[in-house]
Amino acid sequence: MAVMTNKAFEPQIDVAASRRRANHDAPFLAAARGEKPSRRPVWMMRQAGRSLPEYRKVREGIPMLDSCFMPELLAEITMQPVRRHDADAAILFSDIVVPLKAAGVDIDIVPGRGPVMAEAVRTPQQIAALPEVQREQLEPIAQGISHVLEELRDDQVLIGFAGAPFTLASYLVEGGPSKNHETTKALMYSQPDMWHALMRELTPTITRFLQMQLEAGVDAIQLFDSWAGYLTARDYREFVGPYSKQIFDAVRPYGVPMIHFGVGTGELLGDMAIAGPDVVGVDWRVPMDLAAERVTAALADANPGLAPSERAKALQGNLDPAVLFAGPDAIRAHVTRICAEADRAVKRGLARGHIFNLGHGVLPSTEPDAVTRAFEEVHNL
């Protein structure tokens with residue numbers, strides 16, 4: 001992999017460790033390690049963004065991707081939900097296409113549609129021409145991370161993230177969002193050599209993006225495979241999993257918790273765990289205790305020599321975002337149920353710990369007070 005040989009991106013593990021400032025016993029970190037946290041940690045995907053009036057105010061008139069490269073604004077948006085909701089983790093305000101944009105790929109986020117390519121990538125020549133991101137192209141984001149770290153409490157962590165190769169590949173091949181990913185799958189099935197070439201081109205840039213965040217001081221990382229749920233387990237193992245594993249292997253030496261999450265991936269949870277994360281994110285479709293059973297069974301099958309305690313991963317999830325529209329009683333009932341499911345899995349030795357989250361992301365029209373209420377319910381259990 002180019003990321004392992006490029007001198008500019010050799011891992012700077014000591015630098016990364018020196019810039020992390022969260023306490024060892026921060027609730028998020030304790031839960032990820034499988035220790036009992038001082039309180040159950042909670043954060044939510046898309047907790048920073050359109051549901052917050054303060055977000056809409058500070059981003060007024062500023063294109064989405066531009067805001068991801070403005071250090072002070074990036075930091076302000078990242079911190080807004082942490083201040084409002086008392087979150088145990090901030091997640092860096094960014095987008096999965098940011099490393100492509102930074103590298104010079106002509107891509108934009110179109111309001112109401114999402115990431116759109118100026119030109120879809122569907123030939124060997126276009127794949128070979130994809131640029132790999134360089135450290136200096138990511139410097140504004142590193143500066144933004146330093147501003148966030150100055151404001152976080154030492155019991156709160158900062159999570160960095162990136163999009164996984166399959167999801168980025170789908171945006172490139174489709175030219176934008178897709179309901180069925182038919183062009184992506186057609187390329188994967190009909191021209192597997194070209195597909196693997198595309199994945200090999202994307203993997204170093206994604207790894208570099210995560211390395212930059214780690215060396216700027218983030219305390220954990222999450223790899224989003226937003227569209228992996230459209231794949232069969234067989235296809236995931238052949239065309240996707242090996243590249244996600246390369247990324248986890250490359251960032252593991254930094255010694256921070258690594259999360260893997262995808263939407264509609266209930267049938268893939270075991271394979272996603274095998275890719276190498278410490279924490280497996282679960283969407284709202286699968287109960288937490290059932291998710292734990294699937295993960296531990298897959299890890300046992302993949303490596304029969306593993307001790308039972310080594311088969312368990314920490315779990316993250318998994319409130320349906322729609323519950324936040326259903327009122328205080330429903331929020332309390334679902335939070336209580338999910339925590340009980342996760343606790344049963346931990347008690348049975350099928351999970352190491354539990355980080356509460358949504359099963360996807362905060363919906364744009366969610367009332368901020370409902371999010372705050374959910375955080376309070378988790379912390380009160």
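Me: What's the helix and strand content over residues 41-50?
Reply: In this predicted model, residues 41-50 are 0% helix and 0% strand. The end C-alpha atoms of that span are 23 Å apart.

Me: Which annotation covers 41-50?
Reply: The UniProt record, an unreviewed entry, gives "domain: Uroporphyrinogen decarboxylase (URO-D)" for residues 41-50 and 159-175.

Me: And 159-175, how much helix and strand there?
Reply: Residues 159-175 are 59% helix and 29% strand. From end to end, the C-alpha atoms of this span lie 28 Å apart.

Me: OK, whole chain now. How many helices and strands?
Reply: The protein chain has 18 helices and nine strands. Its radius of gyration is 19 Å, close to the 21 Å from the globule rule for 381 residues, so the chain is as compact as a globular protein of that length.

Me: What box do the C-alpha atoms fill?
Reply: Roughly 55 × 50 × 40 Å, taken along the principal axes.

Me: What share of the residues is buried?
Reply: Buried residues are 58% of the 381 in the protein chain.

Me: And contacts, what percentage join residues at least 24 apart?
Reply: Counting contacts between residues at least 6 apart in sequence, 77% join residues at least 24 apart.

Me: Switching to the surface. What's the accessible area, and how much of it is carbon and sulfur?
Reply: The accessible surface of the protein chain is about 15000 Å², and carbon and sulfur atoms account for 51% of that.

Key. Residues are numbered from 1 along each chain as its sequence is written. This is a predicted model: local features need pLDDT of at least 70, side-chain atom pairs count only at pLDDT 80 or more; totals for chains, interfaces and linings use all residues. Side-chain values use heavy atoms; hydrogens and water are left out. Helices (H or I, at least four residues) and strands (E, at least two) are DSSP runs, numbered from the N terminus. The radius of gyration is taken over C-alpha atoms; the globule rule is 2.2 Å times the number of residues to the power 0.38. Buried means under 20% relative accessible area, exposed over 50%, partly exposed in between (1.4 Å probe, protein chains only). Contact means heavy atoms within 4.5 Å. Accessible areas come from the Shrake-Rupley method with a 1.4 Å probe; for residues, only the protein chains shown count as cover. UniProt positions are given in the numbering used here, feature names are shortened, and annotations may be inferred rather than shown by experiment.
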